[in-house]
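I opened the notebook for a new structure today. My plan is to go from the whole chain to single residues.

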Amino acid sequence: MPEALRSEELGKTYPHGKEPALDGVSLRIPAGTVYGLIGRNGAGKTTFVRIASTQLLPTRGRVEVLGFDAVATPREVRARIAVIPQESRPLYFLTIDELVFYHLRMRGMDRRIARERTDTVLRQMGLADRANTLVSRLSGGLRRRAMVAMIFASDAELLFLDEPTTGLDPLARREVWAAIQKARHEGRTVLLTTHYLDEAEALSARLALIERGHVVVEGTPAEIRSRVKYPFRVSLPSSLSEAELAPYGEVSGVEGGWLVFAREDSARELTKLALDKNLAVAMAPISLEDIFLQLVGRPLTEGDALAEEGP
Ligand SMILES: Nc1ncnc2c1ncn2[C@@H]1O[C@H](COP(=O)(O)OP(=O)(O)OP(=O)(O)O)[C@@H](O)[C@H]1O
Ligand SMILES: [Mg+2]
């Protein structure tokens with residue numbers, strides 16, 4: 001499959017920065033897919049997006065976007081991408097309709113097509129009844145939706161969305177999800193950064209978890225699952241003691257009881273033990289959130305958290 005984005009050992013140290021914000025990130029983003037970039041605050045996600053979208057120069061490595069080097073040929077790249085930055089400042093003196101329409105015209109789109117696409121996207125994003133409202137009068141969440149509408153209406157082949165759903169209500173969030181899925185069906189590529197791991201998992205074909213400028217784990221959600229040591233979670237009541245649970249896996253105290261991360265056979269055994277004692281117990285595969293905890297939630301080294309057969 002051709003790649004929409006390929007970075008090689010991409011690095012960035014900001015002026016006066018002690019540690020590099022990005023420290024050798026090599027990613028391959030297949031064309032026509034949604035790719036999730038996840039990681040804690042300050043991990044380097046926005047830095048990656050800014051470099052790949054030609055807004056910032058790397059201090060080492062290279063990145064190719066849709067076949068063009070982002071540093072050597074930024075104009076070629078810019079013509080083919082659209083970006084919603086994390087801190088977006090739309091043009092406040094425009095209405096929502098104008099914001100979208102002029103953006104498309106600025107990209108060189110024919111007037112009639114721009115008109116059609118503007119109307120369609122505003123309908124899709126639930127903004128049609130506010131089309132003539134000034135952006136300056138909108139709530140933060142609606143402003144964000146207007147920005148999302150603006151770039152989805154464009155004909156860009158690669159969309160960079162840096163936390164597009166932060167601060168949105170649950171319904172608006174679903175509208176953004178639908179827009180992302182639609183972009184994928186149209187054959188476009190989406191690079192999505194998010195702190196919502198359910199969102200990352202629901203939308204992304206592949207994910208990269210970055211921490212302190214390094215890729216900690218990369219792959220399809222299923223691959224990532226298979227690489228953690230404890231792929232199951234068992235929740236148990238507090239009437240059991242930690243010492244009883246410890247042999248089964250990794251125990252942590254949570255509100256109202258215990259959470260044990262375990263391998264499948266241990267998880268089953270533990271569940272059976274609790275059922276035999278007539279205790280309330282729940283066993284499930286771990287969520288991406290749990291994986292995140294196992295990998296970076298505590299000062300674990302990578303080697304400790306990954307299974308022996310992992311990389
Ligand atoms: N303009 C800048 N000058 C100096 N340091 C910066 C600058 N922008 C970011 N950094 C630093 O680079 C590191 C990575 O920041 P970045 O914004 O890429 O993280 P992020 O993963 O997007 O975080 P968040 O989830 O909070 O948005 C952080 O340590 C940050 O403090
Ligand atoms: Mg960021």
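**Entry 1: the whole protein.** I counted the secondary structure elements and found twelve helices and 15 strands. I note here that the model is predicted. I looked up the extent along the principal axes, and the C-alpha atoms fill a box of roughly 70 × 45 × 40 Å. I then checked burial: of the 311 residues, 39% are buried. Last, I took the contacts with a separation of 6 or more, and 66% of them join residues 24 or more positions apart.

**Entry 2: the domains.** I looked up the domain assignment, which gives domain 1 as 3-224 and domain 2 as 228-305. Their C-alpha centres are 36 Å apart. I listed the residues in the contact and got ten from domain 1 and eight from domain 2. Which elements give two or more residues to the side of domain 1 that touches domain 2? I found α7 (197-203), β10, β11 and α8 (221-227). Of these, α7 gives the most, with three residues. I sorted this side of domain 1 by class and wrote down seven nonpolar, no polar and three charged residues.

**Entry 3: the ligand.** I went through the residues around ligand 1. Part of the list runs from G39 through N41, G42, A43, G44, K45 and T46 to T47. How many residues of each class are in the shell around ligand 1? I recorded three nonpolar, eight polar and one charged.

**Entry 4: two backbone angles.** I keep one rule in mind for this entry: most residues other than glycine have a negative phi. I looked up R212 and found a positive phi, near 50 degrees. R212 sits in the loop between β10 (206-211) and β11 (214-219). Is R212 partly exposed or buried? R212 counts as partly exposed, because it has 16 C-beta neighbours inside 10 Å, and a buried residue needs 20 or more.

My second case is N278, which is not a glycine either and has a positive phi of about 60 degrees. I placed N278 in the loop between α10 (264-276) and β15 (282-285). I counted 7 C-beta neighbours inside 10 Å for N278, so N278 counts as exposed; the cut-off for exposed is 12 or fewer.

**Entry 5: recap.** I have R212 down as partly exposed and N278 as exposed.

Note on methods:
Residues are numbered from 1 along each chain as its sequence is written. Chains are lettered from A and ligands numbered from 1 in the order in which they are written. This is a predicted model: local features need pLDDT of at least 70, side-chain atom pairs count only at pLDDT 80 or more; totals for chains, interfaces and linings use all residues. Helices (H or I, at least four residues) and strands (E, at least two) are DSSP runs, numbered from the N terminus. Two residues are in contact if their C-beta atoms, placed from the backbone, lie within 7 Å. A residue is near a molecule or strand if its C-beta atom, placed from the backbone, lies within 6 Å of it. Ala, Val, Leu, Ile, Met, Phe, Trp, Tyr, Cys and Pro count as nonpolar, Asp, Glu, Lys and Arg as charged, and the others, Gly among them, as polar. Domain bounds come from an automatic or database domain assignment.
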